[in-house]
Amino acid sequence: MEQRKYILDVLMRVFQEGGYASLIMRESPLKREDMGFVSEVVYGTIRNYDFLEYQWRSYAKTHVKKKIALLLDMSIYQLQFLDGVPAYAVINEAVELAGKSEKKFVNAILHNVEKRGQIYPAGNDLNALAVTTSHPMWLVKMWKTHYGEEVTRKLMEEDQERPYVFGRLNTLKMKKEELERSDKVRFLNDISFLYKGILSRTSMFTEGKVVIQDLNSAETVRYLDVKPGMKVLDLCAAPGTKSQEIAMFMENKGELIACDLYEHRTGLISQLMERTGVTICRTEVNDASKDRPGWHDAFDRILIDAPCSGLGDLRHKPEIRLHLKPEDLDAIVSLQKKILNTGSQYLKDGGILVYSTCTLNKKENEKQTAGFLSAHPDFELVEEKTIFPFENGGDGFYMAKIRRNTTKEKEVC
């Protein structure tokens, strides 16, 4: 009962207050061994919200309070998606959690749903798939316009999968050959790997020999092409994973400045640097959208991993589907433009700037880059790419490698 009561409380905070389950559950009063079940039901309910409601909605003839709707959703998730959870226990505890006047209603709904079994909307079009995969139609339509129906279908289906936890080697503290000796490690390239177990509970993680970083997030830093001795700026750096990777590729030689808007977040960067043996990184509290004249023409490399809508990360953060609205995108695009315009001034002639996001939205990605290049003829696109989650199991990412022309090249142009 205690676990399911806590699950309902978390879901109410997610749906009613706009919270994120991972942050809410950090303060859980439950035992660690209970959190596996709790996390499964919380994220399973959020990820399948529309589909779960579709299972019971036809039985409800009147308005249903949000708390009762979520109680039904989380109970049906257990009935239909989890093995080894007795139906009678799910239904009985749901009835106990319902208000006095709602117990009969909850009991009847859940028994009807259990008896009928899982149902699906008719047809095989995107409208039906939107219900089955619990994606808002505005997002489905946008993806179809940007990427076509086939890619949209793959994205929606991939978002329903449990996310991988990728590890990334820290070569400042450990060699690949060392880590390869473990039969729990499977390398995917020279630095990224999958681990059989909970990586965050290993000594190699706590000692900073490895970090947790998405496969495609790590790919972004490669685009920078950093070298030892360079002066590098990570303009939107917290929590610092990409900054650490930059320092690693610089072999901890040179100068790295890692910024964030809030002091407590720059503190996270500093903690990570200390744990992973990075000594060249200085953190600064900085508003990336506001000009710093003292930084003009000062950096060999700049990473702008911009604030974004997060639509490439819907497996880790399914709440984005609930919280994000189409009208929010314009404000995000405007902020990105300011940061890109401002940050580009800090790049030396001949230097490289990488603009990246963990979203899948051409207005934030390709069109943002194209707009910047159109307004700044002294910059040129070297390469850009979008990585979709279904391609390798990582998060959806966009990255653009942009070079600032040298003075001589500007004159030629």
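How many bridges join β2 and strand β3, and in which sense do they pair? I checked this pairing first in my notes. The model is predicted. β2 and β3, the latter covering residues 192–195, pair over three bridges in the antiparallel sense.

As a reminder to myself, strands of a sheet pair through backbone hydrogen bonds, either parallel or antiparallel.

**Entry: aromatic pairs**

I moved on to the rings. A pair of aromatic rings is described by the distance of the centres and the angle of the planes. The count comes to twelve aromatic pairs. I opened one of them, Tyr147 with Phe388. The ring centres are 5.2 Å apart and the planes stand at 85°; an angle over 60 degrees counts as edge-to-face, so this pair is edge-to-face.

Where do Tyr147 and Phe388 sit in the chain? Tyr147 is in helix α9 (residues 137–147). Phe388 is in the loop between β10 (379–387) and α19 (389–392). The two are 241 residues apart, and the pair links distant parts of the chain.

Are Tyr147 and Phe388 buried or exposed? I used the cut-off of under 20% relative accessible area for buried. Tyr147 has 14%, so Tyr147 is buried. Phe388 has 12% relative accessibility, so Phe388 counts as buried.

Phe388 has another ring partner, Phe390. Their centres are 5.3 Å apart and their planes are at 5°, so I logged the pair as stacked. Phe390 is partly exposed, at 25% relative accessibility.

I also marked one aromatic cluster. Phe51, Tyr77, Phe81 and Tyr120 form it.

**Entry: charges over rings**

Arg275 lies over the face of Phe205, 4.8 Å from the ring centre. Arg292 has its charged end over the ring of Trp295, at 3.9 Å from the centre of that ring.

Conventions: Residues are numbered from 1 along each chain as its sequence is written. This is a predicted model: local features need pLDDT of at least 70, side-chain atom pairs count only at pLDDT 80 or more; totals for chains, interfaces and linings use all residues. Side-chain values use heavy atoms; hydrogens and water are left out. Two strands pair if DSSP finds at least two bridges between them. Helices (H or I, at least four residues) and strands (E, at least two) are DSSP runs, numbered from the N terminus. Rings of Phe, Tyr and Trp (its six-membered ring) pair if their centres lie within 6.5 Å; planes under 30 degrees apart count as stacked, over 60 as edge-to-face and the rest as tilted. Buried means under 20% relative accessible area, exposed over 50%, partly exposed in between (1.4 Å probe, protein chains only). A charge sits over a ring if NZ of Lys or CZ of Arg is within 6 Å of the ring centre and within 35 degrees of the ring normal.
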